[in-house]
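Q: Could you walk me through how to read an annotated site and the fold around it?

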Amino acid sequence: MSKLTVLEFPDPRLRTKAAPVAVFDDALRTLVADMFETMYDAQGVGLAATQVDRHQRLFVMDVSEGRDEPMVLCNPRIVEKRGKQMEQEGCLSFPGIFANVERASWVRAEAEDADGTTFSVEAEGLMAVCIQHEMDHLDGKVFVDYLSPLKRSMLLKKLDKQRRQAG
């Protein structure tokens, strides 16, 4: 396993629409393992392949308290959603930036695991947010796209300032 480089906004590759996973092989399982290592190392709860410059429709997540319930979703699709919730979101591609985003409070998603076996998952709360957030990445969308132009501008200025201070 090896850590991957996470693309940071405004890298244009974050806007790439991912292609479906077509081959479920050892290379895919290696990518999944590397993505988990990268996500856990960065203290994230989810990581889309797009964020590590692999433009396949897959993401990994683990929203458990003990960080011991990893899930991989290949070719995910939301088949049902209900309710609304406003939660603070962050993103490994926007280090140190958080904002309230409105999302469905409950979702049912269908996907395939790293072996190509189809499954369904029902999620609420943080897991529902994570699924929607990571699926957005696969469509070239980022969480700040949901914000008002003013709020987005303020957050992007903050991100730019953090980078200048770190550099």
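This is a predicted model: local features need pLDDT of at least 70, side-chain atom pairs count only at pLDDT 80 or more; totals for chains, interfaces and linings use all residues.

Q: Which residue does the UniProt annotation "active site" cover?
A: According to the unreviewed UniProt entry, the "active site" annotation covers Glu134, a residue found in helix H2, which comprises residues 125–138.

Q: Is Glu134 buried or exposed?
A: Buried means under 20% relative accessible area; Glu134, at 4% relative accessibility, therefore counts as buried. Across the protein, buried residues make up 44% of the 167 residues.

Q: Which residues is Glu134 in contact with, leaving aside its neighbours within four places in sequence?
A: With those neighbours left aside, Glu134 is in contact with Gly46, Leu47, Ala48, Gln51 and Phe59. For the protein as a whole, among contacts with a separation of 6 or more, 66% are accounted for by residues 24 or more positions apart.

Q: How do the elements of the protein run from the N terminus on?
A: The secondary structure comes to three helices and seven strands, and from the N terminus on the order is α-β-β-β-β-β-β-β-α-α. The radius of gyration of the protein is 15 Å, close to the 15 Å that the globule rule gives for 167 residues, so the protein is as compact as a globular protein of that length.

Q: How many positive and negative side chains does the protein have?
A: There are 22 positive and 27 negative side chains, and the centres of the two sets lie 10 Å apart. The protein exposes about 8600 Å², of which carbon and sulfur atoms supply 51%.

Definitions and conventions. Residues are numbered from 1 along each chain as its sequence is written. Side-chain values use heavy atoms; hydrogens and water are left out. UniProt positions are given in the numbering used here, feature names are shortened, and annotations may be inferred rather than shown by experiment. Helices (H or I, at least four residues) and strands (E, at least two) are DSSP runs, numbered from the N terminus. Buried means under 20% relative accessible area, exposed over 50%, partly exposed in between (1.4 Å probe, protein chains only). Contact means heavy atoms within 4.5 Å. The radius of gyration is taken over C-alpha atoms; the globule rule is 2.2 Å times the number of residues to the power 0.38. Accessible areas come from the Shrake-Rupley method with a 1.4 Å probe; for residues, only the protein chains shown count as cover. Lys and Arg count as positive and Asp and Glu as negative; His and the chain ends are not counted. The place of a charge is taken as NZ of Lys, CZ of Arg, CG of Asp or CD of Glu.
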